Amino acid sequence: MKIHEYQAKEILAKYKLPVPKGIMAETPEAALEAAKKLGHFNLVVKAQVHVGGRGKSGGVALVSNEQEFKDAAKRILGLELKTAQTAGGSVKVRKILVAEKADIKKELYLGITIDRERGLPCVIFSAAGGMEIEEVAYKTPEKIVTIHFDPDTGLPPYKARELAFSQGLAPETAAELAQIIHKLTRIFVELDCSLVEINPLTVDSKGKCLLLDAKISFDDNGIFRHSEFAGLRDEKEEDAREVEAAKHGLSYVGLDGNIGCMVNGAGLAMATMDLIKLAGGEPANFLDVGGSATADKVTAAFKIILRDPKVKAVLVNIFGGIMKCDVIAQGIIDALKEVKMTVPLVVRLEGTNVDKGKELLKHAGVSIIAANELKEAAQLAVASLAASAKGGSASGGKK
């Protein structure tokens, strides 16, 4: 679960970390009141959205007087923001953060995330931080330092000090930075985070550190332990299909292709998408119905997949272990009674009660392209796109 910058900074402030004073606003009028509370107009106006790259896309404005402030607040609120992270689309700005400007002498990058290969959290630090950190990672990766730590024991204080003092900063600044690093690793572990990112972490002309920007994401698997997170989710910032899927206990991620996928098991879902790619197609989504899906879940999954106008074919790939193939087959039949299927449907079933499942589909009176092997299913799904465009059929098995 992602949260907004202003929410992340509220959390950081609770841990007594240095963040700029700021107030969130949802209307130009509320923004003006926020500025008056801060006592001046030498401010920064920042779009509050769940994507990065705001500064390069017009989502951040530095102002120095009342008129500039009003103009910036009015322009940014309601802005359809396009950044490198919006995948060709845009996100609407519904909230802004009105914050005090900072005295910036140096910009650093500090992030904490999970290293999947090592199975450990790690601190990622660079003295060459700021908006160009991606370019630093690409051109001069040696300027980025990574330190792993055990979440059970935390990052040892001496490791934080070693990292802070290795960057040629003034002793007082390095000492403060070491404390910041240590507190951020505590936040990461205690709040079950998947990401804590400060970019930039700035140093002012007096050598003081300030966490100028902040991103925090929580691991969905740990949210049940944190009742305090209840009001932090902003569903307007999330894909409506992903929100709907979560309500039904489905794992869904929208992609840019045109072949909808319904699979049980994350690994099998990834393999299915890979084979679609190898067959020359593009998956439209990742959708895992889980190991114990009901007919209702399958119906909900179909509705979510077909809500995407880019979907021109659907591939259902189920391996029945705990889940039984006849239950999935009945779910498919029930779904097709509720959902008008206007695109080709390829179904591959294997595992528990597979024969019963195939019999149900065979006599259900619905148009299905049957496949026995996963590779065959992917190929049929891709072929069905061309056949559908020509008004024909790509069936390589029984309908």
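This is a predicted model: local features need pLDDT of at least 70, side-chain atom pairs count only at pLDDT 80 or more; totals for chains, interfaces and linings use all residues.
Which residues on the other side of α2 are exposed? They are E29 and K37.

Four strands form an open sheet in the order β1-β6-β2-β3, and their pairing is antiparallel. The edges are taken by β1 (22-25) and β3 (60-63); each has a single partner strand, so one side of each has no neighbour in the sheet. On average, neighbouring strands of this sheet are turned by 20 degrees against each other, direction ignored. Strands of a sheet pair through backbone hydrogen bonds. Between β1 and β6 (residues 96-100) there are four bridges, and the two strands run antiparallel. Within this pair, I23 stands opposite V98 in β6.

**Two helices across the sheet**

Both α2 and α3 lie across strands of this sheet, as the table sets out.

| Helix | Residues | Strands it lies across | Angle |
|---|---|---|---|
| α2 | 28-38 | β1, β2, β6 | about 15 degrees to β6 |
| α3 | 66-76 | β2, β3, β6 | about 170 degrees to β3 |

In α2, the buried residues are A31, L32, A34, A35 and L38. Seen down the axis of α2, these buried residues fall within an arc of 155 degrees, so they line one face of the helix. An α-helix has 3.6 residues a turn, so residues three or four places apart point the same way. What do the buried residues of α2 pack against? Their partners are β1, β2, α3 and β6. After α2 comes G39, which has a positive phi, near 95 degrees.

**The nonpolar cores**

The largest nonpolar core has 41 residues, and L184 and F218 touch the most other members. Elements that give two or more residues to this core include α1 (5-14), β7 (106-115), β8 (120-126) and α5 (157-165). Also among them are α6 (171-190), β10 (193-203), β11 (209-211) and β12 (215-218). Which element gives the most to this core? It is α6, with eight residues.

Leaving aside neighbours within four places in sequence, F218 is in contact with M1, I3 and I11, among others. Its contacts also include L191, D192, C193 and S194, as well as I223, F229 and L232. A second, separate core has 33 residues, among them I318, I328, A335 and V354.

How values were computed. Residues are numbered from 1 along each chain as its sequence is written. Side-chain values use heavy atoms; hydrogens and water are left out. Two strands pair if DSSP finds at least two bridges between them. Axes are lines fitted to C-alpha atoms, for helices over the stretch in contact, and angles run from 0 to 180 degrees between N-to-C directions. Contact means heavy atoms within 4.5 Å. Buried means under 20% relative accessible area, exposed over 50%, partly exposed in between (1.4 Å probe, protein chains only). The arc is that of the directions from the helix axis to the C-beta atoms. A nonpolar core is a set of buried Ala, Val, Leu, Ile, Met, Phe, Trp, Tyr and Cys residues joined through side-chain atoms within 4.5 Å.
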